Amino acid sequence: MSRIPLPTPETMTADQRRVYDKVVAGRRGTMQGPLLAALHNPELADRWQALGALLRYETSIPARLSEVAILVTAQRWASQVEWSIHAPIARAAGVEDDWIDALRRGERPVGADAEILEVRDFAYELQAGGQVSDATYAVVLARWSAVGVVELAAIIGYYTLVAMTLNVHQIPVPPGVAPDLGTEP
């Protein structure tokens, strides 16, 4: 159970409903997780959903690599909801089950291709110490250019915000989604 009440369509104000309808009509098709908490401030929720949509659907980083960065972030912050939502998305985007299992354990996935490992290392270093080594940065910059390295850092930062919001409010996994990162906060 969440620490705060999560608005439902029946309890939403007109401003909350406007943001909710925008999210549900968009590519997400549903409103869940941190956006439900953010709806307590509809302007925050609206700007949050716009940034999230940009970072999830409109960067130069392929979806499977974005999902690797998100899973590293979810694992780092022990965000059950983030992991439970994004592990199936990663799988559908082409991230192999063995690699997902390694990320769940906080390990480098054996046998993963160079792009997966580069993104994992970048995300892991940033999450572990708040910085990325020159060598790791250079590899990602060489592959994805300045735009890509900026987008990757933004994806990791955004999903850190998501993880912390989910954790602090103890938002439960969505109905029908099996928790598989460990125990819920």
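**Helix packing and aromatic contacts in the predicted model**

Gln49 touches Lys22, Val23, Arg28 and Leu35, leaving aside residues up to four places away in sequence; contact here means heavy atoms within 4.5 Å. The model is predicted, so local features need pLDDT of at least 70 and side-chain atom pairs count only at pLDDT 80 or more, while totals for chains, interfaces and linings use all residues. Residues are numbered from 1 along each chain as its sequence is written, and side-chain values use heavy atoms, with hydrogens and water left out.

Gln49 is found in helix H3, where helices (H or I, at least four residues) are DSSP runs numbered from the N terminus. With a relative accessible area of 9%, Gln49 is buried; buried means under 20% relative accessible area, exposed over 50% and partly exposed in between (1.4 Å probe, protein chains only). The side chain of Gln49 also makes a polar contact with the side chain of Asp46, at 3.1 Å. A polar contact is a pair of N or O atoms within 3.5 Å; within protein, one must be able to donate a hydrogen and the other to accept it, and residues adjacent in sequence count only if both atoms are side-chain atoms.

Turning to helix H1, this element covers residues 14-25. The buried residues of H1 are Gln16, Val19, Tyr20 and Val23. They cover an arc of only 100 degrees around the axis, which puts them on the same side of H1; the arc is that of the directions from the helix axis to the C-beta atoms. Ala14 and Ala25, on the other side of H1, are exposed. The packing partners of the buried H1 residues are helix H2 (34-38) and helix H3 (42-57).

Next come the aromatic rings. Two aromatic pairs are counted, where rings of Phe, Tyr and Trp (its six-membered ring) pair if their centres lie within 6.5 Å, and planes under 30 degrees apart count as stacked, over 60 as edge-to-face and the rest as tilted. Phe122 and Tyr137 form a tilted pair, 6.4 Å centre to centre with 35 degrees between the planes. This pair links distant parts of the chain, with Phe122 in helix H7 (residues 114-129) and Tyr137 in helix H8 (residues 134-168), 15 residues apart. Phe122 is buried at 3% relative accessibility, whereas Tyr137 is partly exposed at 37%. Tyr158 and Tyr159 form an edge-to-face pair, 4.9 Å centre to centre with 85 degrees between the planes.

How values were computed: Helices (H or I, at least four residues) and strands (E, at least two) are DSSP runs, numbered from the N terminus. The expected span of a helix is 1.5 Å times one less than its number of residues.
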